[in-house]
Amino acid sequence: MKPVFMMMAVASTAMWALAAQAQAFSFTFDWSDLELCTSGSPNVVGSPAFKIIGLPSGTTGIYFKLTDRNVPDFDHGGGWVAIAKDSTVPTGAFHYLSPCPPDGSHTYEWTADARTAKDGKLLLRAKASRKYP
């Protein structure tokens with residue numbers, strides 16, 4: 001392969017990789033204001049604030065669901081939110097059952113499904129987890 005074509009191929013591959021990274025769908029969440037709960041009896045609380053990164057094109061809303069990785073059969077619930085232009089979801093956008101492990105720290109995982117409509121096509125799924133407390 002000639003050096004010019006090799007350089008173009010490398011540059012093209014690098015640009016594709018950067019574009020793919022820039023489009024990676026992920027999110028962060030903050031439940032620092034969540035009242036401490038360790039009784040095993042979760043409280044109904046407002047959702048944490050979420051910051052969305054790399055929102056897929058065509059997304060009209062996101063369905064969030066919380067799972068206790070240590071007790072995955074317990075349904076903490078979640079909620080559907082229309083996504084704001086600034087890709088944020090404010091605290092209290094929906095209600096769910098709070099983390100509340102009775103036996104020490106558990107790992108909790110939020111799943112976010114980016115969709116074209118409330119019951120529409122799944123575009124991408126992202127997950128973020130954290131230990132509580």
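Residues are numbered from 1 along each chain as its sequence is written, and side-chain values use heavy atoms, with hydrogens and water left out. Since the model is predicted, local features need pLDDT of at least 70 and side-chain atom pairs count only at pLDDT 80 or more, while totals for chains, interfaces and linings use all residues.

**View 1. Four strands make an open antiparallel sheet, in the order β5-β4-β8-β9.**
Strands here are DSSP runs (E, at least two residues), numbered from the N terminus, and two of them pair if DSSP finds at least two bridges between them. The edges belong to β5 (78–82) and β9 (122–132); each has a single partner strand, so one side of each is left without a neighbour in the sheet. From one strand to the next, the twist averages 20° (axes are lines fitted to C-alpha atoms, and angles run from 0 to 180 degrees between N-to-C directions).

**View 2. Strand β4 (residues 61–68) meets β5 through five bridges.**
The two strands run antiparallel. Strand β4 is mostly covered, with six of its eight residues buried (buried means under 20% relative accessible area, exposed over 50%, partly exposed in between, using a 1.4 Å probe and protein chains only).

**View 3. β8 sits between β4 and β9 in the sheet order.**
On the β4 side, eight bridges hold an antiparallel pairing, and Gly-61 stands opposite Arg-115 of β8. On the β9 side there are ten bridges, again antiparallel. Thr-111 has Lys-127 as its bridge partner in β9. β8 and β9 form a hairpin, with six residues between them.

**View 4. Asp-68, in strand β4, is buried without a salt bridge.**
A salt bridge would need a side-chain nitrogen of Lys or Arg within 4 Å of a carboxyl oxygen of Asp or Glu. The nearest side chain of opposite charge is Arg-69, 7.6 Å away (Lys and Arg count as positive, Asp and Glu as negative; His and the chain ends are not counted). What Asp-68 does have is a polar contact of 2.7 Å with the side chain of His-106, plus another, side chain to side chain, with Tyr-108 at 3.2 Å. A polar contact is a pair of N or O atoms within 3.5 Å; within protein, one must be able to donate a hydrogen and the other to accept it, and residues adjacent in sequence count only if both atoms are side-chain atoms.

**View 5. The structure's one disulfide joins Cys-37 to Cys-100.**
The S to S distance is 1.9 Å, where a disulfide is a pair of cysteine sulfur atoms within 2.5 Å. The torsion about the S-S bond is about -70°, so this disulfide is left-handed. The pair links distant parts of the chain, 63 residues apart: Cys-37 lies in the loop between β1 (26–30) and β2 (44–46), and Cys-100 in the loop between β7 (95–97) and β8 (106–115). Both Cys-37 and Cys-100 are buried.

**View 6. Another open sheet is built from three strands, β1-β3-β6, with antiparallel pairing.**
β1 and β6 (88–89) take the edges with a single partner strand each, so one side of each has no neighbour in the sheet. Five bridges join β1 to β3 (residues 49–53), and Phe-29 has Phe-50 of β3 as its bridge partner.
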